[in-house]
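Biologist: I'm new to this one. Can you walk me through it?
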Amino acid sequence: MRAVIVAVFVAFLVSLFGTPLAIRVFTRLKAGQPIRAEGPVMHQGKKGTPTMGGVVFIVATVIAYVAGHLTLTTLPDEQIAQVEPTITALVLLGLLVFSGAVGFIDDFLKVRKRNSAGLNKRGKLLGQILVGAVFGVIALWFPSTMVDEAGNPTNTETVGSTTLSFIRDIDALDVGKVISVILFIFVVMASTNGVNLTDGLDGLATGASVMVLAAYALIAFWQYRHWCADPNYTQDYCYQVRDPLEIALIAGAAAGACVGFLWWNTSPARIFMGDTGALGLGGLIAGMAMSTRTVLLLPIIGGLFVIITMSVVIQIISFRTTGKRVFRMSPLQHHFELAGWSEVNIVVRFWIIAGIGVAIALGLFYSEFLAAVS
């Protein structure tokens, strides 16, 4: 727990004090956010606000991970901890950094061209597929090599799983490695685009991501305390995962970094996360779902992202089939803007919806544990 707490506070402080520096740097570089002409009229006043702020909390998360690992080296030998960096960290941080890199290219092109076009849809899609495929293969082809004092393997799990999962792996739904990699890619694409679509109002995606990441930190730490690889834990309702403490550390660090960034990102935002931050967070959240074996729980934990994504899907289907729009504008947050809601009201109410989804998911997770115990 000490390592997780250290990572959270380091990430928070780096992000909190690093964001003003990023604001000055991106302002000097004239990296202002172009605003879509067809977007809500009230957004035109945000034109020129520095973007690509996601770089700050991505860097803060990586720094905090290193700080947390330095803390792990001070733990007593009898405690189960992954002192050395693991494949799990490579996958999770890789998804964060490289998904963010795809978004950075998009943001850079927007700034350079001085319009909101950025990277074309095909380029962004290929980038997401490539990132998901590379880290999906790593997640499924590199098992843990943890052994006990006698040299016997205590954990041979991979980061991802070949079976579908809800709160644990569903053994009856083993789909094999190839299909699992395809599923991994799909989850990465769905999550990155979900967070990206949510990132339309000041602080909305950041605050919702804090809740989701905090939930995964709790889930992963609970799994660590009831881990099948722990020789001191002999109950048969343990969790078959690879490196739960690593997952908790990274999730906590990312949540702390987002809180520090949120200080400057709330309305009126001094800086936007841009696609750099939105795609980075989406990639990390997808990795959290795969590594904690809670893939089918993700739509509940990230319920707000699902609702907003579905509003876009419904709008497109309706317009293409009937020529009529269901919403005044999609994504959904813009519908309420045009209905007269203030930006702050929309953000707070949508945060409440995000919190409800997280609460339901955590309730389901814990109730499953209680059922297993009983």
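Modeller: We'll go from the whole chain down to single residues. Keep in mind that this is a predicted model.

Biologist: What share of the residues is buried?
Modeller: Buried residues are 53% of the 374. The chain exposes about 16700 Å². Carbon and sulfur atoms supply 67% of that area.

Biologist: What about contacts across the sequence?
Modeller: Take contacts between residues at least 6 apart in sequence. Of these, 75% join residues at least 24 apart.

Biologist: Let's pick a helix. How many residues does helix 4 have, and how far does it reach?
Modeller: Helix 4 covers residues 121–141, which is 21 residues. From first C-alpha to last it reaches 30 Å, close to the 30 Å expected at 1.5 Å a residue.

Biologist: What caps its N-terminal end?
Modeller: N120 does. A side-chain oxygen of N120 lies 3.2 Å from the backbone nitrogen of R122.

Biologist: Which residues of helix 4 are buried?
Modeller: K124, G127, Q128, V131, G132, F135, G136, I138, A139 and L140.

Biologist: OK, what covers the buried residues of helix 4?
Modeller: The cover includes helix 3 (87–113), helix 5 (176–198) and helix 8 (274–291).

Biologist: What does N196 touch, leaving aside its neighbours within four places in sequence?
Modeller: K124, D275, A278 and L279. K124 is one of the buried residues of helix 4.

Biologist: Switching to helix 10. What's its length?
Modeller: Helix 10 runs over residues 303–322, 20 residues in total. Its first and last C-alpha atoms are 28 Å apart, close to the 28 Å expected.

Biologist: Which of its residues are buried, and what do they pack against?
Modeller: The buried ones are G303, L304, F305, I308, S311, V312, Q315 and S318. They pack against helix 5, helix 6 (204–225), helix 8, helix 9 (298–301), helix 11 (332–338) and helix 12 (343–373).

Biologist: What comes just after helix 10?
Modeller: G323, with a positive phi of about 80 degrees.

Biologist: Which residues other than glycine have a positive phi?
Modeller: M52 is one of them, at about 65 degrees. It sits in the loop between helix 1 (2–28) and helix 2 (54–72). M52 is buried, with a relative accessible area of 4%. R293 is another, with phi near 60 degrees. R293 is in the loop between helix 8 and helix 9. It is buried too, with a relative accessible area of 3%.

Biologist: Where are cis peptide bonds found?
Modeller: One joins S267 and P268, with omega about -5 degrees. P268 is in the loop between helix 7 (244–265) and helix 8. Another joins S330 and P331, with omega about 0 degrees. P331 is in the loop between helix 10 and helix 11.

Biologist: Now strands. In which sense do strand 3 and strand 4 pair?
Modeller: Antiparallel, over two bridges. Strand 3 is residues 163–165 and strand 4 is residues 169–174. A hairpin of three residues joins them. T163 has D174 as its bridge partner in strand 4.

Biologist: Last one, T156. Is it buried or exposed?
Modeller: T156 is exposed, because its relative accessible area is 54% and exposed means over 50%. T156 is in the loop between strand 2 (153–155) and strand 3. Leaving aside its neighbours within four places in sequence, T156 is in contact with P143 and S144.

Biologist: And how far is T156 from F369?
Modeller: They are 213 residues apart in sequence. In space they are 23 Å apart, C-alpha to C-alpha.

Notes: Residues are numbered from 1 along each chain as its sequence is written. This is a predicted model: local features need pLDDT of at least 70, side-chain atom pairs count only at pLDDT 80 or more; totals for chains, interfaces and linings use all residues. Side-chain values use heavy atoms; hydrogens and water are left out. Helices (H or I, at least four residues) and strands (E, at least two) are DSSP runs, numbered from the N terminus. The expected span of a helix is 1.5 Å times one less than its number of residues. Buried means under 20% relative accessible area, exposed over 50%, partly exposed in between (1.4 Å probe, protein chains only). Contact means heavy atoms within 4.5 Å. A polar contact is a pair of N or O atoms within 3.5 Å; within protein, one must be able to donate a hydrogen and the other to accept it, and residues adjacent in sequence count only if both atoms are side-chain atoms. Two strands pair if DSSP finds at least two bridges between them. Accessible areas come from the Shrake-Rupley method with a 1.4 Å probe; for residues, only the protein chains shown count as cover.
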